[in-house]
Amino acid sequence: MGQHSLSSVSVASLDSASLLQDSPPTSPRTNDSSSIYNKALDLSSIFDGYGKIGNTVTYHALRRFRSTRKPIQKYLFLRDLQLFNPRVYFHLLMTRTEELLPYIYTPTVGEACETYHELPMLTQGLYISLRDRSNIFRKFKAWKQQDVRVAVVTDGERILGLGDLGANGMGISEGKIQLYTAAAGVNPAHCLPICLDVGTNNAALLADPRYKGLRQPRVVGEEYDEFIEEFMAALRDWQPHLLLQFEDFGNNNAFRLLERYQLRACTFNDDIQGTACITLAGILSALRAVGQPLSQQRVLFFGAGEAGTGIGELIAQALVKQGSEAGQPMTITEARQHCWFMDSKGLICAERADAQAGSLAHHKVPFAHAGVGPLPDLLSAVRTLQPTILIGVSTIHHAFNQQVVEAMCEVNPQPIIFPLSNPTCKSECSFEQAAQWSRGSVLFASGSPFQPLCINGEECHPAQANNAYVFPAVGHAAVVTRAKTIPNDVFLEVRRGFLFPSFSRIREVSVKLMAAVAAHMVASGLGSQPEGFNGDWEACCEAAMWDVPCGELVASHY
C-alpha cells in the first residue's frame, strides 16, 4: 500500500480566516475505534463551542486535557482539539506551552510515531513518496495552502532514538512544526510538515497490514539522491524563500544532505545544528556557574552520531572564535582536541583499528585524536581522560550508571552531566539518579523532561536542553529576513545561553534570539531588512509573531 492511502487534512492548509470558521470539519476518524475514543474523552462538551474562545470553552478544554491520564490519549486529544477548534487549541498552545509541550513533542511523540499507523487520526502534513517522482512540484501546487514559509521534512530513518519508522516519521514533522508557532509565533497557516516516503527497513512495519507507507526496503545511493534533488528543486520553484528544516534523517544522509544544500538553500539540520547550539548554550551557562572558561574543558561524548559530532564541531568553532576575540588564536584542529567521543567500539582515537585502516566514518575522523590508546568502555574513558563535561547522545538507557557518575565527581567538584538522548526511555540517566549519585553537586540538563526533586531542602527543577529554545527563533528570523542560507556561524550568535528559562517565557526568549539572529543575517549579507524596518530588531520580530485572532482572550487563572 503506498502513501496515497494516507488521508491528509492540515491546519497548515487553512488561512487565518479558515481557522475561525463557524462549523467544525468532518470527523477525522477512519476506523471503528473512533466512536469508543470519542465517548471515552467526551469531546462534545468542547467541540460544541467551536469557533469560540470564551472562558467556558477554553476552561473545559484545559480541564479535559488535564483529566486525561495516558500521555498518548493527551496527544490524541490535542490533535482533535486542533482539528475541531483550532482557535482554542492554539490559544492553549501559546499560553500553556510548558504544560502541553511534552504531549505534542518529546517524549510522547516518540510513542505516537511508533504507533502512528494504528492511531485513530488523520495526517496533518504532506507525504511525498518515490511514486511521486516527476510530479513533486505538482503536489506542492495542489497543496491547499500556498503561502507556506516554513517546512519540516523527515525521511523517517532515525526518529528520535527509535530508529527507522518509515512513513510513521510524519509524526515527528507534525510535532516539530507546532513548535514554530508555540515558541516563535510563526502563523500555523504558513507551516508545512513533510514526510518523504522512500521505503523502510523496519521489518515489523513492512509486515503490518495497517502500515500505510511504501512496502519496500529503503532506496539508497543514486536513486535516493536523485529523489532528494527533485524534492529540493521543486520546493525551491514552489516557494523560493521558504525555510526548510531537515529532521531525523539517518547519520549518513544527514551529514551529506546538510553539506550539499546548506549553501544552496535556506535550510538547516536541527539534529546537528540545533542540538549543538542549545547544548553549547547550556555548557556556557554551566561554566558561568562554576567560574571556568570553555578553553579549560575536556568534553567526553558517549555516542558519535550526527547530534554528538555536531555539538563537538560547534564547541570547536566557539573555541576558535573565543580565541580570536581574546587575541589567543586557536586552530580548528586544536579546538577539536577538547572533544573526545565514544561509539559502540569504544573510544574513538587515532590508534584504533578502523582509524588506522581508513574505514572510520567521515564525521568521526576529525575527533580521532592520538595519544590515548583504545579504551573499551565509558568508565575506563572517564577515569583515563578525566573529562570535565559528560554528554550522552547514545540512546542507551542507564549508560551513565552510578560508577560513571561517581567517577565524574572524583575529578570535578561540580560535574557537568548532560544525558541528551530522548525519549525518556532512552536517556542515559535520570535527574534523580544524577543528583543522588553526585550528592546534589551535578550541573544537569537532559534531552527529555524529568520531575523536580527536593535537594538540601530546596525544590530543584531539572533543565531540559530542548532544541525548541533555538530552532524556532532561528527559523523565524530567517523567514523575516528572507535569508538565502543559514551557515554555522548563525548558531554561534545564540551560543550565549541559559540553563534554561521556563518554557512559560519561551516567546520572550525567542524575540531576543530572533532579533540577534536577524541582525546578524542582514549584517552578514545572508538576508535583507523587511519592508518598513525602523532599526529596532526586537520590535520588528515581536510584530512578526502571530497570535490567535480572537476578540476575547481568557484570563490565566486556571
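**A walk through the fold**

Take contacts in the protein between residues at least 6 apart in sequence: 75% of them join residues at least 24 apart. A contact here means heavy atoms within 4.5 Å. This is a predicted model, in which local features need pLDDT of at least 70, side-chain atom pairs count only at pLDDT 80 or more, and totals for chains, interfaces and linings use all residues. Residues are numbered from 1 along each chain as its sequence is written, and side-chain values use heavy atoms, with hydrogens and water left out.

Start with the whole protein. Its secondary structure comes to 23 helices and 14 strands. These are DSSP runs, numbered from the N terminus: helices are H or I with at least four residues, strands are E with at least two. Of the 558 residues, 61% are buried. Buried means under 20% relative accessible area, exposed means over 50%, and partly exposed lies in between (1.4 Å probe, protein chains only).

Now go to strand β7, residues 339–343. Five of its five residues are buried, so the strand is largely enclosed by the rest of the structure. C339, F341 and D343 point one way, and W340 and M342 point the other way.

β7 has partners. Strands pair if DSSP finds at least two bridges between them. Strand β6 (residues 299–302) runs parallel to β7, joined by four bridges. There, F302 stands opposite M342. Strand β8 (residues 346–347) runs antiparallel to β7, with two bridges. M342 has L347 as its bridge partner in β8. Two residues lie between β7 and β8 in this hairpin.

Next, the largest pocket. It holds about 740 Å³ of space. The elements that give two or more residues to its lining are α13 (270–290), α14 (306–325) and β7. α13 gives the most, with five residues. On a 1 Å grid over the protein atoms alone, a pocket is an open set of points where a 1.4 Å probe fits, with protein on both sides within 12 Å along at least five of seven lines; lining residues have an atom within 4 Å of a point. Points are joined across faces, edges and corners, and the volume is the space filled by probe spheres set on them.

Last, the cysteines. How many disulfides are there? The count is zero, where a disulfide is a pair of cysteine sulfur atoms within 2.5 Å. The sulfur of C541 is 5.1 Å from the closest cysteine sulfur, in C540, too far for a bond. C541 is buried, at 0% relative accessibility.
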